[in-house]
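Morning, everyone. Let's walk through one fold together. Have a look at the screen.

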Amino acid sequence: MRNLFSSVNKYTIRQTENFLTECLCYVLDVLISNEPKLGEGLLKQITGTNIEINSTTFEITTQETAEVGRPDVVISQGEDFTFFIEIKHDSTLGANQLERYFQKLAEREGKVKQLILITRSKHSLKQTRLDPKSFRHLCWYQISEWMSELKGKEKVSQYTIAQFLSFLEEKAMTNEKVEWQYIEGVPALRHLMVMLNTAIAETFPETTVVKNAGWNWIGYIVADKYWVGVRYENLLQISIETAGAKQYSPLSIINLEESHFFAHKAGEQLDKLIEFVSEGMKGLQVANTSEN
């Protein structure tokens, strides 16, 4: 299924931060409208305050123009609170940008006031001399962590959260913890690839086999006709595809879990892969027979 935010984002040119701003505000609007306590909880985490939302006076605006510049987001509620949020993706802060926003915020009404900066990492903060205690610095991975912990009851909330988290992941703005299984998982994948190579060589001993790997896959190109390997979004699945195909359209698939692959001994695993390769690439077998 296509991602809602990604589908729209591709039409934005050099407007990534503006788009991120609108997306975050949209998510907050959806949550506060559909599940007020859920939205309020997320806003408390973002602002670091213990506020309470009053739907009659609560307001979120974007790109509000002021003589000192345009804060990306202004969140306010009458005399209760005012928050300025500056959002960054890959760009840096402008000259005295935070300093100017801090001064402007001081002039606004609100018992609670907070200037907030959201960046990719903590190391992004290099272009300001403003006292760190004067503003709240967050990273996108913190926001994604908070959002992933939200337990929405409404389908609209659940869908919106899932879509936005997926979008942040695509933009490499989330961080998943690397668990200790890493030291076993990577070698296990390499063992699987070696075994798959052996299966291909046993089945088609005179066929050209080329290693093939990218950010999203690892496998082999066989006789310039087939690609066989693993796509990282589904590590439990080995697929045989048409080599060079632009769209994912597998010719054959083996699911390692459903086939009880991990329960077998090494030799039995190899036999399963040989059977899979032999059946999935019959075209090569026919070609080799005709040549003989």
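How do strand β3 and strand β4 pair, parallel or antiparallel? Keep in mind that this is a predicted model. Strand β3 covers residues 81–87, and strand β4 covers residues 112–119. The two pair in the parallel sense, over seven bridges. Find Phe 84: Leu 115 in β4 stands opposite.

Next, helix α5, residues 140–148. This helix packs on the sheet and touches β3, β4 and β5. The direction of α5 makes about 70 degrees with that of β5.

Now the whole sheet. Five strands form it, and the sheet is open. Read the order as β1-β2-β3-β4-β5, with mixed pairing. Which strands stand at the edges? They are β1, residues 58–62, and β5, residues 136–139. Each has a single partner strand, so one side of each is left without a neighbour in the sheet. Neighbouring strands here are turned by 20 degrees against each other on average, ignoring direction.

What lies across the sheet strands β1, β2, β3 and β4? That is α2, and it runs at about 165 degrees to β1.

Last stop: two helices. Helix α2, residues 16–34, packs with helix α3, residues 36–47. The angle is about 135 degrees, and the axes are 5 Å apart. That makes α2 oblique to α3. Who meets whom? From α2 come Leu 28, Leu 31, Ile 32 and Asn 34. The residues they meet in α3 include Pro 36, Leu 38, Leu 42 and Ile 46. By type, the contact of α2 with α3 has eight nonpolar residues, two polar and one charged.

Methods:
Residues numbered from 1 in each chain as written. Predicted model: local features only at pLDDT ≥ 70, side-chain atom pairs only at ≥ 80, totals over all residues. Heavy atoms only, no water. Axes fitted to C-alpha atoms, helices over the stretch in contact; angles between N-to-C directions. Helix = DSSP H or I, 4+ residues; strand = E, 2+ residues; numbered from the N terminus. Parallel < 35°, antiparallel > 145°, perpendicular 65-115°, else oblique. Contact = heavy atoms within 4.5 Å. Nonpolar A, V, L, I, M, F, W, Y, C, P; charged D, E, K, R; others polar. Pairing = 2+ DSSP bridges.
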